[in-house]
Amino acid sequence: MRSFKNWAIILFGFLGLAACGQSKKSKKQMKNRPINRIFELHKGKLDYSSMPAFYIEGYQSGCFYEILVNDILVFKHYKNVGLSNHAVPINDNILKSGLQKVTIKLYPLGEIDGKNYTTIDPDDSFRLKIFSRDKKKPYEAFDYDFLFEHAVEIPSSVPYFEETITFNAEVPYELEGWSNSQNLKEMDQEQLEKEVLVFYEKYADVIYNQDEEAWVKLVEKREKEYFKAVYYNDKKSEELKARIGDFTLTWIFYRC
């Protein structure tokens, strides 16, 4: 049975096609492209009193780790080096205001320099920080509010450590996200793999056939929710413009 990895290689292989000539398009044609229409949610003035952007960051010593927000992996660190200033934005993992779940998973380092570390010990450490800033404020005036800080306590040597904590987030939006999703762990895993491979075969065909309209239909719901939670429907956002630009260039690239 073909593995997910093989299909990922095939899919991303399309991204490596050599660039070639393309027909010139008018500004009007470019503006009306399906990709641009994804972000046509709100054309009026934004009326949010604030636009909080939430970030999470981990600091470790003597272990590897994963951080999940509301059961979705947002960051992982499997290298024996310290990290700093690696805050991860998590707004798209927050569906609505209220308590948010954060799961910390710690793993032993394994073999390093001929020595095998098989446990996480009390003298190892992990610390988590969650903070936010208001995107309505000018860049020069960004004030970061530390909302939560948590230090893991490891009482004894263990081969694996997991802890779940919560923090409160107030956001001016609500997303559907995964709230109506099916738990795929309850499915027959071989059947699930077959269905996933069929989907990615179709997805690869969409890209190979340069069917931008079909691609937009596949990603539109996700992109609109991302637009709502991360950019707050702000079409003037420079980050959003860069995202649209990346999508547009990608499809120009495909139309060789």
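**Figure 1. Gln210 in the loop between H4 and H5.** Residues are called buried under 20% relative accessible area, exposed over 50% and partly exposed in between (1.4 Å probe, protein chains only). The model shown here is predicted, so that local features need pLDDT of at least 70 and side-chain atom pairs count only at pLDDT 80 or more, while totals for chains, interfaces and linings use all residues. Residues are numbered from 1 along each chain as its sequence is written, and side-chain values use heavy atoms, with hydrogens and water left out. Gln210, placed in the loop between H4 and H5, has a positive phi near 55° although this residue is not a glycine. With a relative accessibility of 26%, Gln210 counts as partly exposed.

**Figure 2. The protein chain as a whole.** The chain has six helices and 10 strands, taken as DSSP runs (helices H or I, at least four residues; strands E, at least two) and numbered from the N terminus. Of the 256 residues in the protein chain, 38% are buried. Among the contacts in the chain (heavy atoms within 4.5 Å) that have a separation of 6 or more, 75% are between residues 24 or more positions apart.

**Figure 3. Packing of helix H4 against helix H5.** The axes of H4 (residues 189-208) and H5 (residues 212-230) are 9 Å apart and meet at an angle of about 135°; axes are lines fitted to C-alpha atoms, for helices over the stretch in contact, and angles run from 0 to 180 degrees between N-to-C directions. The two helices are therefore oblique to each other, given that angles under 35 degrees count as roughly parallel, over 145 as roughly antiparallel, 65 to 115 as roughly perpendicular and the rest as oblique. From H4 the contact is made by Phe199, Tyr203 and Val206, and from H5 by Ala214, Trp215 and Leu218.

**Figure 4. Pro34 and its contacts with Glu212, Glu213 and Val216.** Pro34 is found in helix H3, which spans residues 34-37, and is buried, with a relative accessible area of 13%. Although Pro34 and Glu212 are 178 residues apart along the chain, their C-alpha atoms are separated by 6.8 Å. When neighbours within four places in sequence are left aside, Pro34 is in contact with Glu212, Glu213 and Val216.

**Figure 5. Glu66, a buried residue with no salt bridge.** Glu66 is found in strand S2, residues 64-69. A salt bridge would need a side-chain nitrogen of Lys or Arg within 4 Å of a carboxyl oxygen of Asp or Glu. Not counting residues up to four places away in sequence, Glu66 touches Leu73, Phe75, Lys76, Tyr78, Thr103, Ile104, Lys105 and Tyr107.

Figure 6. Arg127 is partly exposed, with a relative accessible area of 31%. A salt bridge also joins the side chains of Glu239 and Lys135, at 3.6 Å, N to O. Because Glu239 belongs to helix H6 (residues 238-254) and Lys135 to the loop between S8 and S9, the pair ties together parts that are 104 residues apart in sequence. Glu239 counts as partly exposed, at 46% relative accessibility. Lys241 and Glu238 also form a salt bridge, their closest N and O atoms being 3.4 Å apart, and these two residues of helix H6 are separated by about one helical turn because they are three residues apart. Lys241 is partly exposed at 44% relative accessible area, whereas Glu238, at 56% relative accessibility, counts as exposed.

**Figure 7. Val88 in strand S4 and Asp71 in the loop between S2 and S3.** Val88, placed in strand S4 (residues 88-89), counts as buried at 14% relative accessibility. Val88 and Phe54 are 34 residues apart along the chain, and their C-alpha atoms are separated by 8.3 Å. Beyond its neighbours within four places in sequence, Val88 is in contact with Phe54, Tyr55, Ile56, Val74 and Phe75. Asp71 lies in the loop between S2 and strand S3 (72-77) and is exposed, with a relative accessible area of 51%. The phi of Asp71 is positive, about 70°, although Asp71 is not a glycine.

Notes: Lys and Arg count as positive and Asp and Glu as negative; His and the chain ends are not counted.
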